[in-house]
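User: I am new to this structure and would like to learn how to read it. Can you take me through some features, one at a time?

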Amino acid sequence: MLYMAENSFNDITGKVVADFGCGCGTLAVASALLDAEHVLGIDIDPQSLELAQENAADLELDIDLVWSDIKNLNLKGVHVDTVVMNPPFGTRRNGADMEFLSMALQVASQAVYSLHKTSTREHIKKAALRGFNAISAEVLCELRYNLPRTYKLHKKKEIDIAVDLWRFVPNAQRRS
């Protein structure tokens, strides 16, 4: 995701990047390693933020971490160029992925990169362009993701999921 964001679109190096639902900080750390000007990692889980901080410190990277629910995120006065995220797919809590996408398109000034289940492709595109006022919504590639049973809600030992890597361009003019 980050390789394509930087090498195809110049959306990471020298930019302010926010990782929504950062978890252990993988995308935030990758953004910092690609010389983002400033990196924010946002997550609702304080233990995940602790792990993200450890991972950043191990690599001597400076990443600001924010403890917040995406629905209640308040970044007033903070300029963000690019949002990167691997949001919940919305299977456990219907619409969780849409909350992430909606907020990302409100916060980012240049681009949003996000992973979503391929089976929801038309819904994602329609929501982004019509509901969230994105200028563009493009699937950059389709990936296969082998998800091992991680949570109690997972019924199978593992499942193979088709996932789309999206690039959205927000309509930043509407906020000016």
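Analyst: Gladly. Keep in mind that this is a predicted model. Begin with the backbone: just after α5, N133 takes a positive phi of about 60°.

User: Which residues of α5 are buried?

Analyst: I124, A127 and A128 are buried in α5. Look down the helix axis: the buried residues fall within an arc of 95°, so they line one face of α5.

User: Which exposed residues sit on the face turned away from the buried side of α5?

Analyst: That face carries E122, K126 and R130.

User: What covers the buried residues of α5?

Analyst: The cover includes the helix α4 (96-107). It also includes β5, β6 (136-148) and β7 (158-169).

User: Where is T118, and is it buried or exposed?

Analyst: T118 lies in the loop between β5 (108-117) and α5 (121-131). Its relative accessible area is 17%, under the 20% cut-off, so T118 counts as buried. Leaving aside residues up to four places away in sequence, T118 touches E142, A162, V163 and D164.

User: Now the sheet. How do I read the strand order?

Analyst: The general idea first. Strands of a sheet pair through backbone hydrogen bonds, either parallel or antiparallel. Here, seven strands form an open sheet in the order β3-β2-β1-β4-β5-β7-β6, and the pairing is mixed. β3 (64-67) and β6 stand at the edges with a single partner strand each, so one side of each has no neighbour in the sheet. From one strand to the next, the twist averages 20°.

User: In which sense do β1 and β2 pair?

Analyst: β1 (residues 16-20) and β2 (residues 38-43) pair in the parallel sense, over five bridges. As one of the residue pairs, A18 has L40 in β2 as its bridge partner.

User: Which strands does helix α3 touch?

Analyst: α3 (residues 46-58) packs on the sheet and touches β2 and β3. Its direction makes about 175° with that of β3.

User: Which strands does α4 lie across?

Analyst: α4 lies across β1, β4 (80-85), β5 and β7. It runs at about 165° to β5.

User: Last topic: how many disulfides are there?

Analyst: A disulfide is a covalent bond between the sulfur atoms of two cysteines. The count here is zero. Take C24: the nearest cysteine sulfur, that of C22, is 8.3 Å away. The cut-off is 2.5 Å, so C24 is in no disulfide.

User: How accessible are C24 and C141?

Analyst: C24 is partly exposed, at 32% relative accessible area. C141 is also partly exposed, at 23%.

Conventions. Residues are numbered from 1 along each chain as its sequence is written. This is a predicted model: local features need pLDDT of at least 70, side-chain atom pairs count only at pLDDT 80 or more; totals for chains, interfaces and linings use all residues. Side-chain values use heavy atoms; hydrogens and water are left out. Buried means under 20% relative accessible area, exposed over 50%, partly exposed in between (1.4 Å probe, protein chains only). Helices (H or I, at least four residues) and strands (E, at least two) are DSSP runs, numbered from the N terminus. Contact means heavy atoms within 4.5 Å. The arc is that of the directions from the helix axis to the C-beta atoms. Two strands pair if DSSP finds at least two bridges between them. Axes are lines fitted to C-alpha atoms, for helices over the stretch in contact, and angles run from 0 to 180 degrees between N-to-C directions.
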